[in-house]
Amino acid sequence: MKLQHYLGGLEGLGPVSTETRVFVETWETRIFGIHTAMMALSSQLPLPPTPSKFTTVWTWADLRKGAESLNPFDYFKFRYYEKWLGGISGYFIDNGYITAEELDALTEEFYRDPSKPFPAAGDAAIDNRVVQYLVEGDSPKRDTNVSFDFAVGDLVSIKNVPSIEHTRLPGFLRNKSGTVETVYDGAYVYLCDTGTDGIGAAMPVYCIRFEPEDLWPGNTEKNFSLYADLYSHYVEAPAAASAKQAA
Amino acid sequence: MIDRFQYREDREAYSAARVKALEALLIKKGIITDKTVDTVLDFFETKMGPFNGAKIVARAWVDPSFKDRLVTDTPAAIAELNLPEGMAGAEGEHMRAVANSPDVHNLIICTLCSCYPWPVLGLPPYWYKDPTFRSRAAREPRAVLGEFGLPVPEAIEIKVWDSSAQIRWFVIPERPVGTEGMTEAELEALVTPEAMMGVAIAKAA
């Protein structure tokens, strides 16, 4: 169990931040740009090849896996883009694109001399592909023929699947019941196969309404409801859930 | 004392140097170019950003039938407008808009990460990415909205939408009273990213 999968409803955290800036330090803009370029150059996308030496897959799922694998204290300690910087640097080292030693050494050089000149190089086709990715996106929707087990208004139960590395099922919804609010048209893949967690292949997605009083009995606010978009693998009929409990 | 509970004294200077080193190495190794990062940042300054969302909301305020279409088929309604290319691009391939009313206030959250509708809103502000917000908004949205300076009376239902799959959400705030004589361009200026995520409402200047 990872705390990062169970954030919803945690108590004792103090006031929220009302910081409206997207970036609070200029350096954060650079790691955002690098991440977006990696997504655009990622090898699974059906986009024109470029001279970029980036030959592996990098998607949101990879960034999220990194954040979810952190020690929970570090997750809360480090600011959003600090986590990105750590995760993305680690990816380039782990995949042999750069070495930790050269990154450390060059960090030291830029630390001593922040105005040290940057290398000037690159083929414009790389940047064109980055823009093409931003414009076209990477739709997860597929025309695959799938069966829809539930309809709007159906009462459903949420499974407690074994999510080892990565999940899109919020912890606070596991083993809870809700009502189908929307059956989205078509089928949706996820960015990677999450293994025993169960998503990846094209499947329906439902928007499900939960009563906060069922989620946090006696410990929530009045007159609100919580909705979550959930992949169908996470959803089952209430009868299936009660049969498992009886077994 | 364990290091985990301390920050480096040179926290920001170190990160600034490290990200420079990383970008320089990636350029040198032929992974990105010396213009790649600026190309991305420029795209979010000029093509994808909250200026698009503001146009969409202002149109919904002046054209009720557009507002209906925006709620029932969000991408198709957005495609009617003369916005930059890419309105169904990265992180906006499948979007859904929900409208506030006198009886309902909507709030968009992402308890697992920071899913955000890039084409119409650009990049998420820090409040949206904050683990404290993501935790608390799920269980006590009224208390959280109060901290944003937005008291929501108990008679108004709050709907909290957790973006856990691949659909990206935004809110159509209500048109403020006292804006009857305003042009669409003037109305756009009243629409903030916060109002389009539900931690604020639109106000008449």
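Here is a short chat about reading chain B of this predicted model.

Q: What box do the C-alpha atoms of chain B fill?
A: Along the principal axes, that box is roughly 55 × 45 × 35 Å. As for burial, 57% of the 205 residues in chain B count as buried.

Q: In chain B, what share of the contacts with a separation of 6 or more comes from residues 24 or more positions apart?
A: Here you compare places in the sequence with places in the fold. For chain B, that share is 72%.

Q: Now one helix: is α8 of chain B mostly covered or mostly open?
A: You go through its residues and see how many are buried. Helix α8(B), residues 131-139, is mostly covered, with seven of its nine residues buried. Among them are B:Phe133, B:Ser135 and B:Ala137, and also the arginines B:Arg134, B:Arg136 and B:Arg139.

Q: Which elements do the buried residues of α8(B) pack against?
A: Look in both chains. From chain A come α7 (212-215) and β6 (224-231).

Q: Which residues have the most contacts inside the largest nonpolar core?
A: That core has 120 residues, and the ones to find are A:Leu230, B:Val160 and B:Phe170.

Methods:
Residues numbered from 1 in each chain as written. Chains lettered and ligands numbered in written order. Predicted model: local features only at pLDDT ≥ 70, side-chain atom pairs only at ≥ 80, totals over all residues. Buried ≥ 20, exposed ≤ 12 C-beta atoms within 10 Å, placed from the backbone. Helix = DSSP H or I, 4+ residues; strand = E, 2+ residues; numbered from the N terminus. Contact = placed C-beta atoms within 7 Å. Core = buried A, V, L, I, M, F, W, Y, C linked by C-beta atoms within 7 Å.
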